[in-house]
Amino acid sequence: DNLYYIKELGHGAYGKVYLVHDHKQFYAMKTAEIEVMNAKKELAQMYINEKQIMSQINHPFIVNLYNTYKTRGYLFFLMEYVDGVSLRKLITDKKKTELYNINEVRFYGAVLFTVLSYLQSNKIIHRDLKPDNILIQTNGYLKVIDFGIATRLSDAKDHATTIIGSTYYMSPEVILGKNYNYSVDYWA
């Protein structure tokens with residue numbers, strides 16, 4: 001009741017993200033329908049995993065999860081609002097005749113490398129790293145979003161085998177159903 005809707009920011013395969021505020025601050029609110037999760041049990045597990053992973057990570061270039069809420073009909077993730085554009089939009093908005101500034105590319109690569117190093121040190125594989133899931137803030141820094149299909153490896157299990165992610169950004173070992181680890185994020 002304390003959050004006020006402003007507009008839809010985007011949507012994924014199973015939910016929408018809205019811009020909301022509480023008179024003090026703006027937030028991004030990811031929503032998921034409970035009915036859809038009940039119909040697809042693996043989807044419910046994905047949201048549980050996402051909450052667990054996002055609750056345990058803290059990095060300046062990864063979107064923050066502030067809280068989760070549940071009503072009879074919906075599950076909500078209250079997250080940091082990132083004022084900026086996706087890397088996809090930045091790339092597609094460049095005119096074909098414009099040259100990319102090599103220093104800009106190096107900077108984004110370096111920032112992204114620090115995120116991937118942090119995730120690896122915490123045994124997390126993002127598994128859906130793509131330009132749509134990288135936001136460029138107005139200050140020029142990146143924020144990685146959407147940990148919906150991320151997974152955490154354990155000491156007992158040092159690899160994953162699930163064929164999951166966005167096809168164009170999947171590494172060969174994921175597509176072939178072979179064992180994989182953190183290197184799939186670097187491939188993406």
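**Cavities, pocket and strand pairing in a predicted model**

The largest cavity is lined by 13 residues, and those nearest its centre are Arg-127, Ile-164, Tyr-169, Met-170 and Val-184. The space within the largest cavity comes to about 100 Å³, and its lining divides by class into eight nonpolar, two polar and three charged residues. Arg-127, one of the residues nearest the centre of this cavity, is placed in the loop between strand E7 (124–125) and strand E8 (134–137). The relative accessibility of Arg-127 is 14%, and because residues under 20% are classed as buried, Arg-127 counts as buried.

In total, two cavities of 30 Å³ or more are counted. The second largest cavity has a volume of about 30 Å³, and the residues that line it are Met-54, Ile-57, Asn-58, His-59, Ile-62, Val-63, Asn-64 and Leu-65. Sorted by class, this second lining holds five nonpolar and three polar residues but no charged ones, whereas three charged residues belong to the lining of the largest cavity.

Two or more lining residues are given by each of strand E1 (4–11), strand E2 (16–21), strand E3 (26–33), helix H2 (41–56), strand E5 (74–80) and strand E6 (84–86). Helix H2 supplies the largest share of the lining, with six residues. By class, the lining of the largest pocket is made up of 19 nonpolar, nine polar and ten charged residues.

Strands E1 and E2, which both contribute to the lining of the largest pocket, pair in the antiparallel sense over six bridges. Within this pairing, Glu-8 has Tyr-18 in E2 as its bridge partner, and Lys-7 stands opposite Leu-19 in E2. The two strands form a hairpin, with four residues between them. Strand E2 is in turn joined to E3 by five bridges, and E2 and E3 also run antiparallel. In this second pairing, His-21 stands opposite Phe-26 in E3. E2 and E3 form a hairpin as well, again with four residues between the strands, and in its turn His-23 has a positive phi of about 75°.

A further loop residue, Tyr-168, is found between E10 and helix H5 (172–175). The relative accessibility of Tyr-168 is 78%, and because a value over 50% is classed as exposed, Tyr-168 counts as exposed. Although Tyr-168 and Lys-130 are 38 residues apart along the chain, their C-alpha atoms are separated by 8.8 Å.

The protein as a whole has six helices and ten strands. Its C-alpha trace spans about 45 × 45 × 25 Å along the principal axes. Because a compact globule of 188 residues would have a radius of gyration near 16 Å, the value of 17 Å for the protein agrees with that expectation. Of the 188 residues, 39% are buried. Among contacts between residues at least 6 apart in sequence, 53% join residues that are at least 24 apart.

Technical notes. Residues are numbered from 1 along each chain as its sequence is written. This is a predicted model: local features need pLDDT of at least 70, side-chain atom pairs count only at pLDDT 80 or more; totals for chains, interfaces and linings use all residues. Side-chain values use heavy atoms; hydrogens and water are left out. Ala, Val, Leu, Ile, Met, Phe, Trp, Tyr, Cys and Pro count as nonpolar, Asp, Glu, Lys and Arg as charged, and the others, Gly among them, as polar. Two strands pair if DSSP finds at least two bridges between them. On a 1 Å grid over the protein atoms alone, a cavity is a set of points where a 1.4 Å probe fits but cannot get out, and a pocket is an open set with protein on both sides within 12 Å along at least five of seven lines; lining residues have an atom within 4 Å of a point. Grid points are joined across faces, edges and corners, and a volume is the space filled by probe spheres set on the points. The radius of gyration is taken over C-alpha atoms; the globule rule is 2.2 Å times the number of residues to the power 0.38. Buried means under 20% relative accessible area, exposed over 50%, partly exposed in between (1.4 Å probe, protein chains only). Contact means heavy atoms within 4.5 Å.
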